[in-house]
Amino acid sequence: MVFDNYAKYYNLLYKDKDYKNEVNYIDLLIKKYSKNNKESKRILDIGCGTGIHANYLAEKGFNVTGIDFSKEMISIANRGKSKNTRFFVYDATSFDLSGKFDIILSLFHVVSYQIENQNIKDLFVNVSKHLRKNGLFIFDFWYGPAVLSEGPSVRIKRLEDNDIKIVRLAEPEMMVNNNIVKVNYELLITDKLSKKSETINETHNMRYLFIPEIESYLKSCNLNALHYEEWMTGNEPSLKTWGVCCIAKRI
């Protein structure tokens with residue numbers, strides 16, 4: 001399963017990700033678009049990974065339920081959970097939780113991992129089912145116009161801590177007739193003490209999306225898009241904007 005193989009290296013791979021400021025950004029969006037901020041305290045984080053966003057949100061007074069289909073990720077999340085977070089293994093397209101949430105988040109391009117039309121619809125149906133009336137659905141996705149304009153490129157990332165060193169090679173392939181970028185990852189992990197190495201290969205299929213199709217999926221599930229903006233900056237999406245954030249409301 002994607003992510004299970006290198007879940008134990010995930011936090012190191014994304015140690016340069018500014019989770020704290022991302023949560024500050026999300027908190028501002030909630031305050032801006034939520035009708036009653038005092039009641040917007042129960043959050044569902046779909047695709048929570050190792051739970052870092054959730055724990056920062058809990059520090060701000062939210063009660064957060066995180067779900068992810070990777071058992072390894074959830075195992076790591078549960079080891080670091082706070083009193084206001086809880087984590088479960090569920091698929092984004094088929095989860096069934098009791099009660100409704102004030103806010104549902106799906107960050108780090110989880111929506112773009114849904115490469116089939118039915119997967120996206122199933123995800124949005126589940127969001128609608130679990131979101132209270134006027135509750136917010138905030139998610140980001142790969143923005144089609146920018147992907148097609150700039151095109152993906154080969155990337156190399158080098159990271160290390162006291163114990164291990166990682167070199168990650170990402171080689172993308174465009175599947176233009178399917179609106180998918182096939183990202184082939186090769187990770188070379190070296191144990192600094194033993195000098196032993198292992199190689200992990202995984203392929204992540206990422207779907208790039210366009211606002212009109214997002215609108216169609218949302219409307220079919222009683223969700224109404226309030227606003228689209230460049231992730232973190234708040235700028236209008238452009239041909240250089242790979243990550244777009246959508247704020248939608250449950251009708």
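Me: Which residues are exposed on the other side of H4?
Reply: Lys71 and Arg79 are the exposed ones there. Keep in mind that this is a predicted model.

Me: And which residues of H4 are buried?
Reply: H4 covers residues 71-79, and its buried residues are Met73, Ile74, Ile76 and Ala77. Looking down the axis of H4, they fall within an arc of 160°, so they line one face of the helix.

Me: What do those buried residues pack against?
Reply: The buried residues of H4 pack against helix H1 (10-13), S2 and S3.

Me: OK, on to H3. Which of its residues are buried?
Reply: In H3, residues 52-59, the buried ones are His53, Ala54, Asn55, Leu57 and Ala58.

Me: What follows H3?
Reply: Glycine 61 comes after H3, and its phi is positive, near 100°.

Me: Switching topic: where is glutamate 229 found?
Reply: Glutamate 229 sits in strand S10, which runs over residues 223-230.

Me: Is glutamate 229 buried or exposed?
Reply: Buried, because its relative accessible area is 5% and the cut-off for buried is under 20%.

Me: What is glutamate 229 in contact with, leaving aside neighbours within four places in sequence?
Reply: Tyr25 and Leu29, then Gly234, Asn235, Pro237, Gly243, Val244 and Cys245.

Me: And where does alanine 92 lie relative to glutamate 229?
Reply: Their C-alpha atoms are separated by 23 Å, with the two residues 137 apart along the chain.

Me: Zooming out, how many helices and strands does the protein chain have?
Reply: Seven helices and eleven strands. The radius of gyration is 18 Å, close to the 18 Å from the globule rule for 251 residues, so the chain is as compact as a globular protein of that length. Its C-alpha atoms fill a box of roughly 55 × 45 × 30 Å along the principal axes.

Me: How many of the residues are buried, as a percentage?
Reply: Buried residues make up 49% of the 251. As for contacts with a separation of 6 or more, 65% are between residues 24 or more positions apart.

Conventions. Residues numbered from 1 in each chain as written. Predicted model: local features only at pLDDT ≥ 70, side-chain atom pairs only at ≥ 80, totals over all residues. Heavy atoms only, no water. Buried < 20%, exposed > 50% of the residue type's maximum accessible area, 1.4 Å probe, protein only. Helix = DSSP H or I, 4+ residues; strand = E, 2+ residues; numbered from the N terminus. Contact = heavy atoms within 4.5 Å. Rg over C-alpha atoms; globule rule 2.2 N^0.38 Å. Arc of directions from axis to C-beta.
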